[in-house]
Number of protein chains: 2
Amino acid sequence: MPSRMKTAPDNRSGGPTIATSVYDRIRRDIISGALAPGHKLGSTTLRERYQAGISPVREALNRLVAENLVCFEDQKGFHVAGIGAEDLDDLIRTRCHIEEIALRESIANGDDAWEDGIVVAFHRLSKVPRSAAEDGFEFNPEWEELHHAFHTAILAGCGSPRIQTYCELLADQAKRYRQLAATISYPHRNERDEHQDIMDAVIARDVERAVALHHAHLKKTNDIIVRSGLSLSPERVPA
Amino acid sequence: MPSRMKTAPDNRSGGPTIATSVYDRIRRDIISGALAPGHKLGSTTLRERYQAGISPVREALNRLVAENLVCFEDQKGFHVAGIGAEDLDDLIRTRCHIEEIALRESIANGDDAWEDGIVVAFHRLSKVPRSAAEDGFEFNPEWEELHHAFHTAILAGCGSPRIQTYCELLADQAKRYRQLAATISYPHRNERDEHQDIMDAVIARDVERAVALHHAHLKKTNDIIVRSGLSLSPERVPA
DNA sequence: AGGCGAAAAATTTTGGAAAATCGTTGACAC
DNA sequence: GTGTCAACGATTTTCCAAAATTTTTCGCCT
């Protein structure tokens, strides 16, 4: 370990600047649950954990506040955003609303390239197992990424950068809940068929059916998280 | 209860920290147009302009990136977010979508206190003239604030912190366009009646009428900005 | 003249140390 | 025993200077 090297020699993996690199790593750790909800993010601790100075760390945290993954209060520092049943409910309901908009617009405006993108994304997703382990559930990052890509592909046709960005934001927040729940219990469900049905309805331009399936898809995720036994005390939301 | 202010809650004359103070001031300057769209926000310049060190300035800018008022690129620094006809169109259409959701939810869930809030906000708004000058238009900050409060009051009943926060965000972005347009030409329109009609429909719980009026209200703003002659070259959007 | 490349300048990024602030502990008075 | 206050300790916030990077400038060659 080159402790006294001038700067990280190979800094390309993640971003050109240290701040961006630290941002990526903290972000991953929060979503994966390595940094627990409500956990204090003190300057000194993070400086050690990520081997960086105060400035990049602080910058990274500031960026994360924008995504609602980190809370900040003047003179009190940074905390990992709390979780709670109430917040989860708001999150899912908001996703239903916003993604319905994006879905309707996508179906209305989507062109051939858009359709192709969905088919490809689904195909890729189908080839990867839900769980990294044969028996029982083990987090599979590849599946997670392709799953995200599939849903993104569907909403990509909506034609509104703002709505698309916001959908991504909400999806990341939901991902954290999903991750936390996944560490506790493995929900058995046939997600492949769900995705297939959604895709079919979307490609067929059957708006109402697509919306209904999409809503059900999101609600099911919510139920699974709630049922997983994840302690969602509302007190854990600092802000 | 959740009076979600975007700025720090403790906003007494500058804020507790320099970063927050600088954040408020830059924010004001961008929305008011004092800092033109696309303008470079160099560390040295801002350090002089706001009489603060690099760290607080950088922190303030990072917070503003979250609101889409500032763009950032690694190794290239900060710029005031660009404007453009395309972006304005996206903004207005997004507002129509999101605020329709908030409006429907508000009408469905709003209680007596919510109704009271709307009536009070409207009353206060009615007492203040649209223009600060007797003849011709002059920007009236008091009216702007009360106008904002009126619309916020209507959407306050939606029960979703996320949607409400996002509405505020979009409203601030729209405010900048409105401000820039206002410096050029004064659009004559009877906004008081428009607000009255919206309020009446909302209080009467006439959802469809309220939504229709609300959409028309937003679209009219868009038309006025476009017609104001504000140069909206799409090239001015850096990111 | 125009294009190429290297030094120079300007700017961004980073690290650490000083200053300011908040929460706590402990002592003292009542 | 209780309440107040002051000093301490820990943490955040800020400033400044050095390091790394990008952009510009200028000389040089084709």
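Biologist: Is the crossing in which helix 8 of chain A passes helix 9 of chain A left-handed or right-handed?
Modeller: Helices here are DSSP runs of H or I with at least four residues, strands are runs of E with at least two, and both are numbered from the N terminus. A crossing is left-handed if the near helix is turned anticlockwise from the far one by less than a right angle, and right-handed if clockwise. Where helix 8 of chain A passes helix 9 of chain A, the crossing is left-handed.

Biologist: Before we go on, what pLDDT do local features need in this model?
Modeller: Residues are numbered from 1 along each chain as its sequence is written, while chains are lettered from A and ligands numbered from 1 in the order in which they are written. Side-chain values use heavy atoms, without hydrogens and water, and since the model is predicted, totals for chains, interfaces and linings use all residues, side-chain atom pairs count only at pLDDT 80 or more, and local features need pLDDT of at least 70.

Biologist: Thanks! At what angle do helix 8 and helix 9 of chain A pack?
Modeller: Axes are lines fitted to C-alpha atoms, for helices over the stretch in contact, and angles run from 0 to 180 degrees between N-to-C directions. The axes of helix 8 (residues 191-203) and helix 9 (residues 207-227) of chain A are 8 Å apart, and their angle is about 155°.

Biologist: How many nonpolar, polar and charged residues are in the contact of helix 8 with helix 9 of chain A?
Modeller: Contact means heavy atoms within 4.5 Å. Residues including A:Glu194, A:His195 and A:Asp197 in helix 8 of chain A meet residues including A:Arg209, A:Leu213 and A:His217 in helix 9 of chain A. Ala, Val, Leu, Ile, Met, Phe, Trp, Tyr, Cys and Pro count as nonpolar, Asp, Glu, Lys and Arg as charged, and the others, Gly among them, as polar. The contact of helix 8 with helix 9 of chain A divides into 5 nonpolar, 3 polar and 4 charged residues.

Biologist: Is A:His195 buried or exposed?
Modeller: A:His195 lies in helix 8 of chain A. Leaving aside its neighbours within four places in sequence, A:His195 is in contact with A:Phe122, A:Leu125, A:Trp143, A:His147, A:Phe150, A:His151 and A:His217. Buried means under 20% relative accessible area, exposed over 50% and partly exposed in between (1.4 Å probe, protein chains only). The relative accessible area of A:His195 is 1%, so this residue is buried.

Biologist: How much of chain A counts as buried?
Modeller: Chain A comes to 9 helices and 3 strands. Of its 239 residues, the share of chain A that counts as buried is 47%.

Biologist: Now chain B: how many of the 15 residues of helix 1 are buried?
Modeller: What covers the buried residues of helix 1 of chain B includes helix 2 (43-49), helix 3 (54-66), strand 2 (70-73), strand 3 (77-80) and helix 7 (161-182) of chain B. The buried residues of helix 1 of chain B include B:Ala19, B:Val22, B:Tyr23, B:Ile26 and B:Ile30. Helix 1 of chain B is largely enclosed by the rest of the structure, because its buried residues number 11 of the 15.

Biologist: Which residue follows helix 1 of chain B?
Modeller: Helix 1 (residues 18-32) of chain B reaches 21 Å from its first C-alpha to its last. The residue after helix 1 of chain B has a positive phi, near 95°, and is B:Gly33.

Biologist: What is the phi of B:Asn68?
Modeller: B:Asn68 is in the loop between helix 3 and strand 2 of chain B, and at 45% relative accessibility it counts as partly exposed. B:Asn68 is a residue other than glycine with a positive phi, near 65°.

Biologist: And what is the phi of B:Arg205?
Modeller: B:Arg205 is found in the loop between helix 8 (191-203) and helix 9 (207-227) of chain B. With a relative accessible area of 30%, B:Arg205 is partly exposed. B:Arg205 is not a glycine, yet its phi is positive, at about 60°.

Conventions. The expected span of a helix is 1.5 Å times one less than its number of residues.
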